[in-house]
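Please examine the sequence and the model displayed below.

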Amino acid sequence: MPIQLECLSHTPLHGYYDPAPEILAEVERKQAAARARVEAFDPQLVILFAPDHYNGFFYDLMPPFCIGVEASAIGDFKSLAGPLSVPKETALDCARHVLHSGVDVSGSYRMQVDHGCARALEVLPRGLGRYPVIPGFINAVAPPMAACRRVRLLGDAIGRYAAQLGRRVLIVGSGGISHEPPVPELATADAEVAERLIAGRNPSAEARQARQARTIAAAQSFSAGSSSLHPLNPAWDRAFLETLARGDLRAVDRYSDEWITSEGGKSAHEIRTWIAAFAALAASAPYDASLDYYRPIAEWIAGFALMSAHSRLA
């Protein structure tokens with residue numbers, strides 16, 4: 001059965017601090033085209049790789065990878081909220097397959113996902129429950145993180161599992177590319193912020209509002225050119241996307257955390273979701289890929305991209 005891929009950047013700032021109307025319309029047209037491809041494909045299962053931004057996973061127990069057996073979206077930044085339609089037995093079977101393939105992955109019966117996952121489900125199938133979905137968390141913000149080689153192997157294991165299901169499977173990667181929003185770091189945090197990074201689940205509405213306000217203010221400063229945040233790096237973004245398009249996935253094995261941070265910013269580690277997604281697709285068969293959209297969008301503090309691919313067996 002065919003496997004199809006959609007990778008896309010996400011932003012919590014959509015609707016809060018947007019680029020010029022013509023750029024916003026451009027993004028929404030490309031997202032609508034991606035959604036049309038998904039609807040035409042009509043997947044029987046979605047496997048979605050996404051990061052978290054200290055909303056569902058914290059330093060009290062921070063796995064490098066986790067497969068959701070049951071999951072719900074928290075609805076931060078007005079993203080979709082509610083339960084995901086996770087096929088429990090399939091998710092468990094996928095986790096077993098990955099473990100038996102030699103890649104360590106944890107499982108969660110109470111996974112909380114944030115906008116990093118929910119925005120992709122809002123853009124593509126337009127709903128958390130329209131298709132069965134297995135959420136795959138990849139730690140991309142809280143050091144230490146799994147090496148990119150291990151991320152590739154995770155994707156490969158999940159892709160081999162998907163290929164033997166005999167279903168139409170959509171692989172989704174949500175995150176990246178170059179960006180550095182104001183995410184605190186445990187190494188430099190004061191006691192109050194450190195506690196939030198360690199065990200900050202289910203914050204008050206006031207705390208969420210304050211976090212949202214900080215993010216919007218940072219975006220305003222960044223787009224005005226008065227920010228110390230890492231600048232966007234379109235050349236680096238395009239080189240990474242071209243690597244994926246060529247299918248040269250083993251090249252990512254050389255990516256060090258220090259290099260990713262220096263070139264793309266502290267949150268550019270979200271490229272791990274794209275690496276896992278493309279590795280999953282490549283595990284079934286050679287693929288053809290298309291870079292459908294790319295633009296550095298300062299208002300969203302993001303190198304913003306959409307990319308699609310399909311196995312040549314499709």
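The paragraphs below begin with conventions and then turn to the sheets, the cores and the rings.

This is a predicted model, in which local features need pLDDT of at least 70 and side-chain atom pairs count only at pLDDT 80 or more, while totals for chains, interfaces and linings use all residues. Residues are numbered from 1 along each chain as its sequence is written, and side-chain values use heavy atoms, with hydrogens and water left out.

Helices (H or I, at least four residues) and strands (E, at least two) are DSSP runs numbered from the N terminus. Strands of a sheet pair through backbone hydrogen bonds, either parallel or antiparallel; here two strands are taken to pair if DSSP finds at least two bridges between them. Eight strands form an open sheet with mixed pairing, in the order 6-3-8-2-9-1-11-10. Its edges are strand 6 (106-108) and strand 10 (287-297), each of which pairs on one side only. Direction ignored, neighbouring strands of this sheet are turned by 15° against each other on average; axes are lines fitted to C-alpha atoms, for helices over the stretch in contact, and angles run from 0 to 180 degrees between N-to-C directions. Within the sheet, strand 1 (residues 3-8) and strand 11 (residues 302-311) are antiparallel and share five bridges. Glu6 stands opposite Ser308 of strand 11. Helix 2 (residues 88-100) lies across strand 2, strand 3 and strand 8, and runs at about 155° to strand 3.

An open sheet of three strands, also with mixed pairing, has the order 5-4-7. Strand 5 (81-83) and strand 7 (111-113) are the edge strands, each pairing on one side only, and the twist from one strand to the next averages 20°. Strand 4 (residues 71-74) runs antiparallel to strand 5, to which three bridges join it, and parallel to strand 7, again through three bridges. Ser72 has bridge partners on both flanks: Pro83 in strand 5 and Gln112 in strand 7. Ala73, in turn, has Gly82 of strand 5 as a bridge partner. The hairpin of strand 4 and strand 5 has six residues between the strands, and in it Gly75 takes a positive phi near 80°.

The side chain of Gln112 makes a polar contact with that of Asn202 at 3.2 Å. Such a contact is a pair of N or O atoms within 3.5 Å; within protein, one must be able to donate a hydrogen and the other to accept it, and residues adjacent in sequence count only if both atoms are side-chain atoms. Not counting residues up to four places away in sequence, Gln112 touches Asp52, Asn55, Gly56, Phe57, Ser72, Ile74, Arg201 and Asn202, where contact means heavy atoms within 4.5 Å.

Phe57 leads on to the aromatic pairs. Nine of these are found in a search of the whole structure. Rings of Phe, Tyr and Trp (its six-membered ring) pair if their centres lie within 6.5 Å, and planes under 30 degrees apart count as stacked, over 60 as edge-to-face and the rest as tilted. Phe57 and Phe137 are stacked, at 3.8 Å centre to centre and 5° between the planes. Phe57 lies in the loop between strand 2 (45-50) and strand 3 (65-68), and Phe137 in strand 8 (residues 133-138), so the pair ties together parts that are 80 residues apart in sequence. Phe57 is buried at 10% relative accessible area, and Phe137 is buried at 5%.

The pair of Trp236 and Phe240 is stacked because the ring centres are 6.5 Å apart and the planes are at 15°. These residues are four apart in helix 7 (residues 234-246), and therefore separated by about one helical turn. Trp236 is buried at 6%, as is Phe240 at 2%. Ring pairs link Trp236 and Phe240 with Tyr255 and Trp259 into a cluster.

A nonpolar core is a set of buried Ala, Val, Leu, Ile, Met, Phe, Trp, Tyr and Cys residues joined through side-chain atoms within 4.5 Å. The largest has 95 residues, and those with the most contacts inside it are Phe49, Leu84, Trp274 and Phe278. Helix 9 (residues 271-284) supplies the largest share of this core, nine residues. A second, separate core of six residues includes Tyr54, Phe58, Val141 and Val193.

Notes: Buried means under 20% relative accessible area, exposed over 50%, partly exposed in between (1.4 Å probe, protein chains only).
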